[in-house]
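This report describes selected packing features of a protein model. The sequence and structure come first, followed by the details.

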Amino acid sequence: MGFAAIYVPEFMVQAVVRAESRAEPGLRERAIALIDGNAPPLFSVVAANARALATGIFLGMTKANAAQFVGVEIRARSVAAEKAAHAALRDVGWSVSPRMEETAADLVILDIAGLSSLLGPEETIAELLVARAGECGLRVNVAIAENISAAEIAARGFAGITLIAAGEEASRIGELPVTVLSPPEEIAETLALWGIKTCAALARLPVPQLSERLGQAGVQLRTLARGAASRALVVAETELVFEEEMELDDAVEELEPLSFVLGRLLDQLCARLTARALAASLLRVRFDLQPAFENALDVRTEVVRAKNMPGIYERVMQLPVPMRDAKLLLKLLRLRLQGSPPGAPIVKVLVAAEASRPRITQRGLFLPSFPDVEKLELTLARLAGVVGEGNVGSAEVVDTHRPGEFRMGKFLPVQEEAKDSPRKKAAKKRSSEIVEKHLPNHSAAMSFRVFRPPLPIHVNSREGRPAEVFVQGRRSEVCKASGPWRTSGEWWREEQWNEDEWDLEVRFVDKSRKAQTQSPCAGTFQTAKHLQQKGVPTNGAQTEKFEEEFRRYRIYFDAVRQGWFARGMYD
Amino acid sequence: MYCELHARSAFSFLEGASIPEDLIAVCAEHGMPSMALLDRDGVYGSARFHLAGVKAGVKAHIGAEVTAEEANAEKGVSGWRYALLVKSRTGYQNLCRLITRMKLRSAKGKGSVRPQEVAELSEGLICLTGGEEGALAHALESGGISAAIKRVTELCELFGRRNVYVEVQRHFCRKEEARNAAAVEIARKLQLPLLATNGVRHARPEQRQILDVFTCLRHHRVLANAGRLLSRNGENRVKSPQEMLQLFRDLPEAIAHTQELSARLQFTLNDLGYKFPEYPVAKGQTQMSFLRERAHEGMLWRYGADDEKARQQLQRELALIEKLDLPGYFLIVWDIVRFCREKNILVQGRGSAANSAVCYALGITAVDPVKMDLLFERFLSDKRDDWPDIDLDLPSGDQRERAIQYVYERYGKLGAAMTANVITYRGKSAAREIGKVLSFDTETLARLSSLVGAWEYRDANDSLERQFRDAGFDLKQPRIRKFFELCQAVQDLPRHLGQHSGGMVICQGQLDSIVPVEPATMPGRVVVQWDKEDCADMKIVKVDLLGLGMMAVLEDSIEMIRRDYGEQVDLGKLPGDDEMVYQTLQKADTVGMFQIESRAQMSCLPRLHPTCFYDIVVQVAIIRPGPIVGKMVHPYLRRRQGKEKAECLHPSLEKVLARTLGVPLFQEQLLRIAMIAAGFSGSEAEELRRAFGFKRSVKRMKEVEEKLRAGMAKNGIHGETQDRIVQSITSFALYGFPESHAASFALIAYASAYLKCHYLAAFTAAMLNNQPMGFYSPATLVKDAHRHGQRFKPIDVMRSHWECLLEKLPEGFSVRLGLRYVKGLRAETGQEIARQRGIRQFTSIAELKRRVPGIQKSELTALAAVGALNFISAERSFHRRDALWQVERAARAAGPLLEGMDEAVAEAIAEPIEKPQQKIKLEENTPIKIEAESMAAPVGTVAVGNGASPLLQMTAEERLVADFLGTGMTVGPHPLAYHRAALRAAGVRSAVELPKLPDGMRVRVAGAVIARQRPGTAKGFVFLSLEDETGIANAIITPQLFEKDHTVVVHHPYLLLEGRLQNQENTTSVKVERIESLTVTQAETGSHDFH
């Protein structure tokens, strides 16, 4: 016999049990239901073991309902545990035969032809596989047969070890329900209507009539039911996973030595990418950090274990175009790490790349030259290193009533726009027109200088209107006020706002410090003499001692923060 | 003093956030003397606004914002509206016509008026330049000040210079202030008055959130991405005159003009000018003389010539009808009834009209009010200022539509219309839409909406909080909390306008001058902008043409009896004392009977023990939330059984309550109690009745109660007696029946009982043809009929029609199930099968496929699975699997090579197959016996040619599963019948045994759950009806047990219950102590839940 199938029944449940069984021995023997969902309200049962199903739990049941079943353990589904369980299953397979097919997450098939001389008879091989799986925390069914399909079906259908001698496939598989063949939904429905419940019943149907009714899919299914299907093993290939990992003998604390390590890993990674004619569109680095050193002595196991757990530092770098220049990638990575260094010495480094096709572009002969995308990215990364992430890019106006609101978008070179389709261009034009429409009129003589962040000020009001304003310690009187311009919104969030905005013309009256030190951003500069001419009363004794300065501000009262702020100044 | 002259309510559908009553209430709080409501393209809220205004002493001006140019976001067109106020009745009529014209030519929610229409219909209207969506803002935006001047000048030309006001609004917005500056400039330049308004969109500041939610719904956005579509701030609320004065202190004239303009707006909805149409009579006759003639004819027909009492009553009524000038109304209803009779459409008046001898004589109603001594004043009284109300019950479906279309034809498209039905935000719809706006994902929304309102009853632990918790929601989370609050805030706000199921309003002349008319979704129908209540409030006469499933059943039954039995049944002449009917009712054997079939009715019937028609009237009225909450059921039953003395609430009420043994059961009695005990006048009593049925206001009922108590105190009725009387009356808020109405329903109930007792086959077939209706599923109806000896024939393409029909057999009639019961079979396919078969019988499935080319594979499979193709071959009958085998081949095009190849040939060339191990028994030409099969697997069959298949015949269990899956029922034995021996061995009693067992005995019962109820009046108790092959057993589950075994009770289709038998007064039920699920079959039997 040539093939052994290893199947993990109740795979999802077993994966979780495997991960938790050390902490909770005996878990395997209990009724377990796994829940999953996007958010707490949506949690529902996605898998359950036979014991749980026997209590009345069914798949799709809400968590709240499932919780009402006494004696059923509710656990969250764990994709990571499933990955680990699958990896373990692969290891079990590979431990016996290098020719292995990863048929499904819960099933692998091995080519065991010729292994008898090495490992003993089939039964011994099967027992070995079950034992190894047990060591890895998995309870498996193993079936050995002459052909792949028979082995696969038998592993899915029979518990424990099944050995099917050549020629006995049809009779052995015949006992199994037809569902083990995983028929397509439509055929499954037809078979159910026909009362075809077992593989034997399906195998008995005459081929021409079956072909007339269910087509070749039906005939193929019948062949499977007879255990007569044959196919070639699809030997598992390594995935297109580009990961390079290095454990460091001595923890690295500084960027320079780390750069060497990263450089080496990136060189290898880029070489592999090049060999496959691919490039990295995303780069991920992960450092295992040394646990913090603790002086305090705490011998409680869980505390020690928690403290000994290595920290993880992870950064993901989305690249603007696929790249495989190791030097450039290293520079980008360095800049990124400079901006936000890991907080502890590094003991293990992993660099992973997400691969995609490299960029192939040809620049127009007569088009103006644009900065090279890679270099531009480098520049932006440098800037981000200086000013912080999220503070570099193109400012975009946000569709909101909230004054001064904007967000930083990705900086896009002009040449990218040139590639836009006419429809996209028209859409962009429309949106820019909309923005224009809502921006202050550019033809106005006055421009507005925004304070970012807004300047806290103090305001004294009279009859509900600002009368006195203190800006940066200077007192001013309000000459003219226009407002309030009231906006509020986002009441459904915790970050709601509520502001009363005023446009003010204020007059600062300071003791003379030589009026010629006029503020560079001052609007109108008038002396007391001018005011006297306008009939504004002045104190005669101080006339020549005071300088007057008129400015126009936009201030607002923030009702949420309960404070006054200056949003900006009119130039 | 400032008056708000530009407000929108939630009747602007998603453009306003408060109901009209709220606007008026805030207006009154601020001491504002008047307010104008200008909803978008309609006067939907005007009636409620007007009434609320009258009550609060606020003058309610009417107007509307009428679309001049539609906004189109895709084309970047902003659109604008005329803001119109009604000055006079002509103005109101013009506004209604303007809106009607626009609506009738446009899709729902769309359309705009044309300038020439405005020019033609501008008289009596005042135009404001509007706010953000007004004429001025639009012109300024598109063409600056010159365009704005031009637009305002145009308005002056259209409406007259004196009738245009330049509107200014202030919501603390820069852009608006710039517009105001332009408005002031234009007003001064054109010498037009300025008018301050606040463009109100919600009454109170907090309702801004609802407005934002509505905005999102209107634009199909979520709050997170609605951006500047949302309101800038919460300033569009109703502001006090002081606030407005302060806001416009620089423009005092704009404030002053509001009061001036308000004074100019003389029109109110009191001045509607509605007239009911006149019935055309021959020259020399008046409507009254014509009515007298018809009534006299009718009296002779109904009572004969010698009934003096009837004659006197008729004369009294006719005199009152003449005094109130109502002959036209009676003649018009008579005309509709006459039309129905001519067209053989079953019709019967109900409601208070049944109190009238004139209605009885005219054939409008079928209850004799003279014999039953019904209160005519409940129907018509000279003290009442509203119109009488006549409801006509018609068979649901096409027949009712014919009657409605007759009314349209007779009075013209603008002479008659359906009343609207305002669809409001309720539990589920509110939860779904608000969840959407708050960006909850679809799955969460589905879960949420499934949570809301599942059970009618909610105990203390069954609060919304608990339901949220059950679904994994945490109300402490701000987002969930906000969702919850908004759901509550949005409750009962109008969502959109639907069409009332049967209410029609008719008008002399043009209905569109009374209220705007819109096209309904259903082609050929128009609907007014007011709902039933509004129409009644505005004193518009309406006739309800209601569809009643049972009327259709009666009509169909009578037709089948005529056709198949060769007998004529006249519902008007049924013997009123049929012994069989009363015996059946006394046994509560009433499955399928109108109004008396529910579980509660059944438990009451043996105790009430009806022996005459009036008992059925009481029976219909007594099992209603009103009498139940008012605790009137048990006293009545005890008194009836002589276990309690028939004492009256108060000696003065003896005469009123004598007929119902001192217990008030009918609305009329309560009105009379109010009149006698509290000194209410006829109209006050009527006001009381309206308050009961007035779902909108708990407050209104409270006011009435206070008045009642004061009146009773004055008449010396105090203390407990007063409380009991008040409780009796107020409990009718939860729907008590008027006696006349109960009598009309009792007639139908009696007719249905009569037909079921004497013509079971016809009645059952008619019931099956008019599903869904009533309390029980078709499966239960079939099983019930079975137990009464009715035979059924399965669905068969060689015999079945689309409908269920009767087949005459030597031993009587059997019901042949119709193709309509094959799930997934389209009506057109089913009808085509019957038509083709009428031409020539089918000989094979392939031929059927060929002759009915539209048939889909899924339909053929469905037919085969339920055994409908078993007899298609003339040579032999198939079993279902043979048919399924053939269907798969017939459904696939075989291709030219194999097209003609016979199955046997195909087999011959097939590879040899291993024979099954089982012993083979051939079943050729053996029809399948449905009724006498065991659940054991049949012996196998194998392909031997002659169209057979290599498939095994279905077992009885498989057939059961296929029957329920494919038709929702089985005509074979009840699923439990197969297990009776085992059940008996386990000590389980059948339903038929229970009444014979002693009270208090511990019993076990088992069955399919056919109804689960947790009524609002039952304090958390759950009532189950379990069906087995012998009948229906009732069970009661305590709230505690339900709490414990919730999942089993709710989810399992078959239950085994154990508990104490309550066998009292011929009523049997099991008080459950232990619940177990029972595995009987995989068949999916349905249950009627959560009533």
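## An enclosed helix in chain B

How many of the 10 residues of helix 35 (residues 778-787) of chain B are buried? The model is a predicted one, and in it eight of the 10 residues are buried, so helix 35 of chain B is largely enclosed by the rest of the structure.

The buried residues of this helix are B:Pro778, B:Ala779, B:Thr780, B:Leu781, B:Val782, B:Lys783, B:Asp784 and B:Ala785. Just after helix 35 of chain B comes B:Gly789, with a positive phi of about 90°.

## The sheet of chain B

Chain B has an open sheet of seven strands in the order 1-2-3-4-5-6-7, with mixed pairing. Strand 1 (4-7) and strand 7 (194-196) of chain B are at the edges and have a single partner strand each, so one side of each has no neighbour in the sheet. On average, neighbouring strands of this sheet are turned by 35° against each other, direction ignored.

Strand 6 (residues 164-168) of chain B runs parallel to strand 7 of chain B, and three bridges join them. B:Val168 is placed opposite B:Ala196 in strand 7 of chain B. Helix 6 (residues 174-190) of chain B packs on the sheet and touches strand 6 and strand 7 of chain B; the direction of this helix makes about 155° with that of strand 6 of chain B. Helix 3 (residues 89-104) of chain B lies across strand 3 (59-69), strand 4 (80-86) and strand 5 (125-128) of chain B, and runs at about 35° to strand 3 of chain B.

## Helix 11 of chain A and its contacts

Helix 11 (residues 207-225) of chain A packs against helix 39 (residues 880-891) of chain B at an angle of about 65°, and their axes are 8 Å apart. The crossing of these two helices is left-handed. From helix 11 of chain A, the contact involves A:Gln209, A:Leu210, A:Glu212, A:Arg213 and A:Leu214, which meet B:Trp885, B:Gln886, B:Glu888 and B:Arg889 in helix 39 of chain B. By class, the residues of this contact are three nonpolar, two polar and four charged.

Within chain A, the axes of helix 9 (residues 185-194) and helix 11 come within 11 Å and cross at roughly 115°. This crossing is also left-handed. Helix 9 of chain A contributes A:Ile187, A:Thr190, A:Leu191 and A:Trp194, while helix 11 of chain A contributes A:Leu210, A:Arg213, A:Leu214, A:Ala217, A:Gly218 and A:Leu221. The contact of helix 9 with helix 11 of chain A has seven nonpolar, two polar and one charged residues.

## Aromatic pairs

Over all chains, the count comes to 29 aromatic pairs. One of them is the stacked pair of A:Phe287 and A:Tyr313, at 5.4 Å centre to centre and with 10° between the planes. A:Phe287 is in strand 10 (residues 279-289) of chain A and A:Tyr313 in strand 11 (residues 311-323) of chain A, 26 residues apart. Both residues, A:Phe287 and A:Tyr313, are buried.

A:Phe448 and A:Tyr570 form a tilted pair, 4.9 Å centre to centre with 50° between the planes. A:Phe448 belongs to strand 15 (residues 448-462) of chain A and A:Tyr570 to strand 21 (residues 563-570) of chain A, so the pair ties together parts 122 residues apart in sequence. A:Phe448 counts as partly exposed at 28% relative accessibility, whereas A:Tyr570 counts as buried at 16%. Elsewhere, ring pairs link B:Tyr329, B:Phe330, B:Phe376 and B:Phe379 into a cluster.

Methods
Residues are numbered from 1 along each chain as its sequence is written. Chains are lettered from A and ligands numbered from 1 in the order in which they are written. This is a predicted model: local features need pLDDT of at least 70, side-chain atom pairs count only at pLDDT 80 or more; totals for chains, interfaces and linings use all residues. Side-chain values use heavy atoms; hydrogens and water are left out. Axes are lines fitted to C-alpha atoms, for helices over the stretch in contact, and angles run from 0 to 180 degrees between N-to-C directions. Helices (H or I, at least four residues) and strands (E, at least two) are DSSP runs, numbered from the N terminus. A crossing is left-handed if the near helix is turned anticlockwise from the far one by less than a right angle, and right-handed if clockwise. Contact means heavy atoms within 4.5 Å. Ala, Val, Leu, Ile, Met, Phe, Trp, Tyr, Cys and Pro count as nonpolar, Asp, Glu, Lys and Arg as charged, and the others, Gly among them, as polar. Two strands pair if DSSP finds at least two bridges between them. Rings of Phe, Tyr and Trp (its six-membered ring) pair if their centres lie within 6.5 Å; planes under 30 degrees apart count as stacked, over 60 as edge-to-face and the rest as tilted. Buried means under 20% relative accessible area, exposed over 50%, partly exposed in between (1.4 Å probe, protein chains only).
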